[in-house]
Amino acid sequence: MKKKVLLLDDNMSVCKSSIDELCSAFDVVKCRQIRVAAHKLTVYKFNLMVIDLMMPPEGLDVKDEFNAGFYFYKQYIKDKYDKVPVLFWTNLNETPYMEFMKENGGNSQLHYLQKSDDREELVNKVKEILNK
C-alpha cells in the first residue's frame, strides 16, 4: 500500500514533472487551496505533508502570502498532527524557513526543500523523510 501524502500548492504547473513523479510513487492528495487542505486533514490520515510557503492566505488570519504555508502549519497541523512530517517545498531560499525553525524549537518533523527542475529531487526527499 502506498504512503499517503498531502500536497498543498496553489500553482502545481510550476513543477509539474516533480509532482507527476511524486504521484507515481505515493498516494497523493493534491490541494490548491488552504481551506480544501484543512478539510482533507479531517478526511485522510497522511504519512507526510508537502506544503508550499507562498500561497494565497484565504481562510487564514494573515495578509502575507509569503508565509501563508507557515500559518497553515501553525493553525491546522502543529498541535493536532505533530507526529506527521512536514516538508516545506518552496521557491523561497532557506532564510524564512530557518527563522521559522528557530521559532518552533528545531522540530525534527519539519523539513525544507527548494523547488527545482530536477524531477526526482522531491520524490527522493519524501522517501528520505519517510524512511527515517
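Predicted model: local features only at pLDDT ≥ 70, side-chain atom pairs only at ≥ 80, totals over all residues.

Me: Why is Cys23 called partly exposed?

Reply: The relative accessible area of Cys23 is 26%. Buried requires under 20% and exposed requires over 50%, so Cys23 counts as partly exposed.

Me: What makes Cys31 count as buried?

Reply: Cys31 has a relative accessibility of 1%.

Me: Why is strand E4 described as largely enclosed by the rest of the structure?

Reply: Strand E4 spans residues 86-90, and five of its five residues are buried, hence the description. Val86, Phe88 and Thr90 are buried on one side, and Leu87 and Trp89 are buried on the other, so that both faces are covered. In a regular strand, side chains alternate between the two faces of the sheet.

Me: How do you know that E4 pairs with E3 and with E5?

Reply: Pairing requires at least two bridges. Strand E3 (residues 48-51) is joined to E4 by three bridges, in parallel, and E4 pairs with strand E5 (residues 110-114) over five bridges, also parallel. Val86 of E4 is the bridge partner of Met49, and Leu110 in E5 is the bridge partner of Val86.

Me: What puts the buried residues of helix H5 on the same side?

Reply: In H5 (residues 121-130), the buried residues are Leu122, Val123, Lys125, Val126, Ile129 and Leu130. Their arc around the axis is only 165°, which places them on the same side of H5. Their cover includes strand E1, helix H1, E3, E4 and E5.

How values were computed. Residues numbered from 1 in each chain as written. Heavy atoms only, no water. Buried < 20%, exposed > 50% of the residue type's maximum accessible area, 1.4 Å probe, protein only. Helix = DSSP H or I, 4+ residues; strand = E, 2+ residues; numbered from the N terminus. Arc of directions from axis to C-beta. Contact = heavy atoms within 4.5 Å.
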